[in-house]
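Trainee: Hi! Could you walk me through this protein while we look at it together?
Mentor: Gladly, ask away.
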Amino acid sequence: MSFYIGREASKIWKRFCAEITTEINLLAENWKYLLAGLICQYIHGLAARGVHYLHKPGPTLQDLGFFLLPELGQDKAYLSETLFTTIFVSFFVWTFHPFILKDKKIYTVLIWCRVLSFLVACQALRIVSFYSTQLPGPNYHCREGSELARLPPPKSALEVLLINFPHGVLYGCGDLIFSSHMIFTLVFVLTYQKYGTQRCIKQLGWLLAVIQSLLIIASRKHYTVDVVVAWYTVNLVVFFVDKKLPEMDRTSAAALLPMSIKDNKGGRSKDENHKLLNGNSVDPAEWRQRTQVNGKILENGTAHHAEAAKNGA
């Protein structure tokens, strides 16, 4: 038993080390795209903070979702944030599963390059949308009479650039069309739909996206139009952007790997490197001697009849 555990631990460690080497090389090749995506996340936050200065509270607009869904109230507004955090953390952890698990279809660096490209495209459209028309916020802190509904003019540029994180993000107003929470949720669900392997998790992801939509409306954090526009906009953006990007699963992305990974390294052949990166063992201890004697195959001292091909069969 201890021998088996030690052997499996050794295989996992080798797999982890091989994946680390691969991802570091991919990061060296693609760090500019990741950095650009993260900078765009900051720009999106800055734009959302800026529109808060333009926000003018007013009566809540007539909304079909508000009519159909009962209001949760301020004491239950955390439900949508809790679900969103669960989706975000679950997806983030899943993108790192190639370091541990044997069955894998993605490279962590490449999948985040893809996800950030989807997010940036959607957020660019979102910024244009909520700066085009400022609607009175339906959230509790954005209504008339709330001290947070209006922001006083900034005293310095630094005050704007710091975006008062995280308070400024949680209590923003004016950045309505379309929902940022639904952008992240749908991008994550669509990405797992393509690269995930568990059908039940794919179905659960879509169910959680629907529940997230209903909770956002019931919490009065967005109008129904903000959620509806997010559903068709994100799906269309992902569809068209995905066509423009090179395929990034582990089979099709082999040509994208840096030459240092493809070349013989550490005394291993290219075939061994390929097997190790894709979760297959190259440990000599896993190889078993097979000898053929009189139509039988001797494997570790045990005789097994070989399949015979019969004429006419």
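Trainee: What share of the 313 residues is buried?
Mentor: Buried residues make up 40% of the 313 residues. Buried means under 20% relative accessible area, exposed means over 50%, and partly exposed is in between, using a 1.4 Å probe and protein chains only. Keep in mind that this is a predicted model, where local features need pLDDT of at least 70, side-chain atom pairs count only at pLDDT 80 or more, and totals for chains, interfaces and linings use all residues. Residues are numbered from 1 along each chain as its sequence is written, and side-chain values use heavy atoms, with hydrogens and water left out.

Trainee: Which residues does UniProt annotate as "transmembrane region"?
Mentor: The unreviewed UniProt entry gives that annotation to residues 77-97, 109-131, 169-192, 204-219 and 225-241. UniProt positions are in the numbering used here, feature names are shortened, and annotations may be inferred rather than shown by experiment.

Trainee: How much helix is in residues 109-131?
Mentor: That span is 100% helix and 0% strand, and its end C-alpha atoms lie 33 Å apart. Residues 204-219 are 94% helix and 0% strand, with end C-alpha atoms 22 Å apart.

Trainee: New topic: what share of the contacts comes from residues 24 or more positions apart?
Mentor: Among contacts with a separation of 6 or more, 80% come from such residues. Contact means heavy atoms within 4.5 Å.

Trainee: Which residues have the most contacts inside the largest nonpolar core?
Mentor: They are V115, L119, I183, V187, F188 and V234, in a core of 44 residues. The elements giving two or more residues to this core are α1 (2-52), α3, α4 (108-132), α7, α8 (199-218) and α9 (224-244). A nonpolar core is a set of buried Ala, Val, Leu, Ile, Met, Phe, Trp, Tyr and Cys residues joined through side-chain atoms within 4.5 Å.

Trainee: What does F188 touch?
Mentor: Leaving out residues up to four places away in sequence, F188 touches I87, F88, F91 and V115.

Trainee: How many aromatic pairs are there?
Mentor: The search of the whole structure finds 17. Rings of Phe, Tyr and Trp (its six-membered ring) pair if their centres lie within 6.5 Å; planes under 30 degrees apart count as stacked, over 60 as edge-to-face and the rest as tilted. F88 sits in helix α3 (residues 78-94) and F184 in helix α7 (residues 180-195), so the pair ties together parts 96 residues apart in sequence.

Trainee: Is F184 buried or exposed?
Mentor: F184 is buried, with a relative accessible area of 14%. F88 is partly exposed at 32%.

Trainee: Why does the pair of F96 and F99 count as stacked?
Mentor: The planes of F96 and F99 are at 25° and their ring centres 6.1 Å apart, so the pair is stacked. Ring pairs also link residues into a cluster, including F84, F88, F96, F99, F184 and F188.

Trainee: Okay, switching to charges. How many salt bridges are there?
Mentor: The count comes to five. A salt bridge is a side-chain nitrogen of Lys or Arg within 4 Å of a carboxyl oxygen of Asp or Glu. D242 forms one with R114, with the closest N and O atoms 2.6 Å apart. D242 lies in helix α9 and R114 in helix α4, so the pair ties together parts 128 residues apart in sequence.

Trainee: Are D242 and R114 buried or exposed?
Mentor: Both D242 and R114 are buried. D242 also meets K194 in a salt bridge (2.9 Å, N to O), and K194 is in helix α7, 48 residues apart from D242.

Trainee: Which residues make up that network of salt bridges?
Mentor: R114, K194 and D242 are linked in it.

Methods: Helix = DSSP H or I, 4+ residues; strand = E, 2+ residues; numbered from the N terminus.
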